[in-house]
Amino acid sequence: MTHCRTAVPANAFLYLPEHGDVVVQGGPLVTGFALAPRCDEAALVAALRADQAGETTCPAFVRACWDAGVARYDVDTAARTCTYYGSDGDSCTEVCPFVTLP
C-alpha cells in the first residue's frame, strides 16, 4: 500500500496499492447540506494523540477529524507522512515513523 486518501465527511477511503485501487465506504458523517467546521489545530492534535495511544476506533478518529475541521487527509507510506486538509485550504503534515495501512 503506497497511499490512502480519505474524504472525511463522506467517510470514504481510497487505498492505492501497486495493483488495483480499493475503495472502502463507511457511513457518511453528514448528509444534505452542512457547514464545514473551521480548522482547529488543537482539536486535531488531540484526536491524533488519542488515536496514536489506541484510545479510539477508526470511525471515532474520522469523526474527530471532521469535528476538528479536516475535510480530507492523505497518507503517504513511502514518505511516512499524513497530510490533513481543511475545507478552507489550510493543511498540516505529520511525520509518522510507523505508518501502516491494511
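A search of the whole structure, which is a predicted model, finds four salt bridges, a salt bridge being a side-chain nitrogen of Lys or Arg within 4 Å of a carboxyl oxygen of Asp or Glu. Residues are numbered from 1 along each chain as its sequence is written, and side-chain values use heavy atoms, with hydrogens and water left out. Local features need pLDDT of at least 70 and side-chain atom pairs count only at pLDDT 80 or more, whereas totals for chains, interfaces and linings use all residues.

One of these salt bridges joins D88 to R38, with the closest N and O atoms 3.5 Å apart. Because D88 lies in the loop between β5 and β6 and R38 in the loop between β3 and α1, the pair ties together parts that are 50 residues apart in sequence; helices (H or I, at least four residues) and strands (E, at least two) are DSSP runs, numbered from the N terminus. D88 is partly exposed at a relative accessible area of 34%, while R38, at 63%, counts as exposed, where buried means under 20% relative accessible area, exposed over 50% and partly exposed in between (1.4 Å probe, protein chains only). E94 forms a salt bridge with R49, the closest N and O atoms being 2.7 Å apart, and this pair links strand β6 with helix α1 across 45 residues. Within it, E94 is buried at 15% relative accessibility and R49 is partly exposed at 42%. A salt bridge of 2.9 Å between the closest N and O atoms is also found for D74 and R72, of which D74 is buried at 17% and R72 is partly exposed at 37%.

Six strands form an open sheet in the order β3-β2-β1-β4-β5-β6, with antiparallel pairing, two strands being taken to pair if DSSP finds at least two bridges between them. β3 (22-25) and β6 stand at the edges, each with a single partner strand, so one side of each is left without a neighbour in the sheet. The twist averages 15° from one strand to the next. β2 and β3 pair over four bridges, and V23 in β3 is the bridge partner of L14. Helix α1 lies across β4, β5 and β6 and runs at about 25° to β6, whereas α2 lies across β2, β4 and β5 and runs at about 125° to β4; axes are lines fitted to C-alpha atoms, for helices over the stretch in contact (heavy atoms within 4.5 Å), and angles run from 0 to 180 degrees between N-to-C directions.

The largest nonpolar core holds 19 residues, among which V8, L44, F61, C65, V70, Y73 and Y84 touch the most other members; such a core is a set of buried Ala, Val, Leu, Ile, Met, Phe, Trp, Tyr and Cys residues joined through side-chain atoms within 4.5 Å. Two or more residues each are given to this core by β2 (12-16), α1 (41-52), α2 (58-67), β4 (70-76) and β5 (81-86), and the largest share, four residues, comes from α2. Leaving aside neighbours within four places in sequence, L44 is in contact with C65, A68, V70, Y84 and C92.

In strand β6 (residues 91-95), T93 is exposed, with a relative accessible area of 51%. Not counting residues up to four places away in sequence, T93 touches T81, C82 and T83.
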